[in-house]
Amino acid sequence: MPEFAAAPATLPPGQRVYAVGDIHGCLEHLQAVHAMIAADIADRPSDNCVLIHLGDYIDRGPDCREVVDLLTAGPNVPGATVINLMGNHEEMMIDAISTGRAEDAAQWMRNGGAESLLGWRIGRSVPPTLWPAMIPFAHQRFARDLALTHRIGPYLFVHAGVRPGKALDAQTREDLLWIREPFLGSKKDHGAVVVHGHTPTQNPVVRANRIGIDTGAVLGGVLTCAILEGGRIGFIQA
Ligand SMILES: [Mn+2]
């Protein structure tokens, strides 16, 4: 059983959340974390388990297509309802294949898009205009249909964070997917404890107003899953 510590907020009784940080094509890490979550649920059954992936499934890492395949099919975690959120890398992919602007394709390439394209057998010499026809439609639809945020009780789950001082329902897509400062250093109450990825740190960060769980799996770190239950927080890492 994972070790638990005091969390910055309390979920209603019976509710358990597993939140997974930035994956970036690290299929083996993801499969290992899913197996540990499945084992935890088998060990400590609960009627209301939600598994949330915080975005950035693709780019930079080795198995981007396989990660999207796995999330499209649904992970093998019996007993959990799965929510997949959008990351800025999924947004870059969508823009690169839908706006027709060379600048959007270039932006994606600057941020590790080539590794994703290789997963779809799209070499560096293939022009961006051909990408939409070569990426499986199910994968394009998966990326487009991702939610920006998910709220459970006192927690808001989102890829990057929120703009401090702005109401949660007035946040921009840009901030939710991309923000670093002034969110990371802010001590303000955001109206919910924000559970996010996007900015890698060696260890998970737990503060009064936010929980950061991007531990840089693609940079040689581990993939982190935060477990929230009652007033406690625990971690699974692989
Ligand atoms: Mn990100």
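Predicted model: local features only at pLDDT ≥ 70, side-chain atom pairs only at ≥ 80, totals over all residues.

Colleague: Metal first. What coordinates the manganese ion?

Modeller: Four residues: Asp56 (OD), Asn88 (OD1), His159 (NE2) and His198 (ND1), at 2.1 to 2.3 Å. Donors here are N, O and S atoms within 2.8 Å of the metal (3.2 Å for Na, K and Ca); water is not among the atoms, so sites may look incomplete.

Colleague: How are those donor residues spaced in sequence?

Modeller: The pattern is D-x31-N-x70-H-x38-H. Asp56 and His159 link distant parts of the chain, 103 residues apart. Asp56 is in the loop between β3 (48-53) and α2 (64-73), and His159 is in the loop between β6 (155-158) and α8. Helices (H or I, at least four residues) and strands (E, at least two) are DSSP runs, numbered from the N terminus.

Colleague: Is Asp56 buried or exposed?

Modeller: Asp56 counts as buried because its relative accessibility is 2%. His159 is buried too, at 0%. Buried means under 20% relative accessible area, exposed over 50%, and partly exposed in between (1.4 Å probe, protein chains only).

Colleague: Asn88 is a donor. Which residues of α3 are buried?

Modeller: Asn88, His89, Glu90, Glu91, Met92, Met93, Ile94, Ala96 and Ile97. That is 9 of the 11 residues of α3 (88-98), so this helix is largely enclosed by the rest of the structure.

Colleague: What covers the buried residues of α3?

Modeller: The cover includes α4 (102-110), α6 (131-134), α7 (137-145) and α8 (173-178). After α3 comes Gly100, with a positive phi near 80°.

Colleague: Over to α7. Which residues of α7 are buried?

Modeller: His139, Gln140, Phe142 and Ala143. Down the axis of α7 they fall within an arc of 160°, so they line one face of the helix. The arc is that of the directions from the helix axis to the C-beta atoms. On the other side, Phe137 and Asp145 are exposed. Cover for the buried residues includes α2, β4, α3 and α6.

Colleague: Strands now. In what order do the 5 strands of the open sheet come?

Modeller: β5-β6-β7-β9-β8, with mixed pairing. β5 (149-152) and β8 (205-206) each have a single partner strand, so one side of each is left without a neighbour in the sheet. Two strands pair if DSSP finds at least two bridges between them.

Colleague: And what joins β5 to β6?

Modeller: 4 bridges, running antiparallel. They form a hairpin with 2 residues between them, and Gly153 in the turn has a positive phi of about 55°. β6 also pairs with β7 (193-196), in the parallel sense over 3 bridges. Leu156 has Val194 as its bridge partner there, and Phe157 stands opposite Val195.

Colleague: Which residues of β6 are buried on each side?

Modeller: Tyr155 and Phe157 on one side, Leu156 and Val158 on the other. Both faces of β6 are covered.

Colleague: How do β3 and β4 pair?

Modeller: In the parallel sense, over 5 bridges, with β4 at residues 80-84. The chain crosses from β3 through α2 to β4, a right-handed β-α-β crossover. Right-handed means that, with the strands pointing away from the viewer, the path from the first strand over the helix to the second runs clockwise.

Colleague: Last topic. How many residues are in the largest nonpolar core?

Modeller: 44; those with the most contacts inside it are Tyr18, Val20, Ile37, Trp108 and Trp131. α1 gives the most to this core, with 6 residues. A nonpolar core is a set of buried Ala, Val, Leu, Ile, Met, Phe, Trp, Tyr and Cys residues joined through side-chain atoms within 4.5 Å.

Colleague: What does Trp108 contact?

Modeller: Leaving aside neighbours within four places in sequence, its contacts include His89, Met92, Met93 and Trp131. Contact means heavy atoms within 4.5 Å.

Methods. Residues numbered from 1 in each chain as written. Heavy atoms only, no water.
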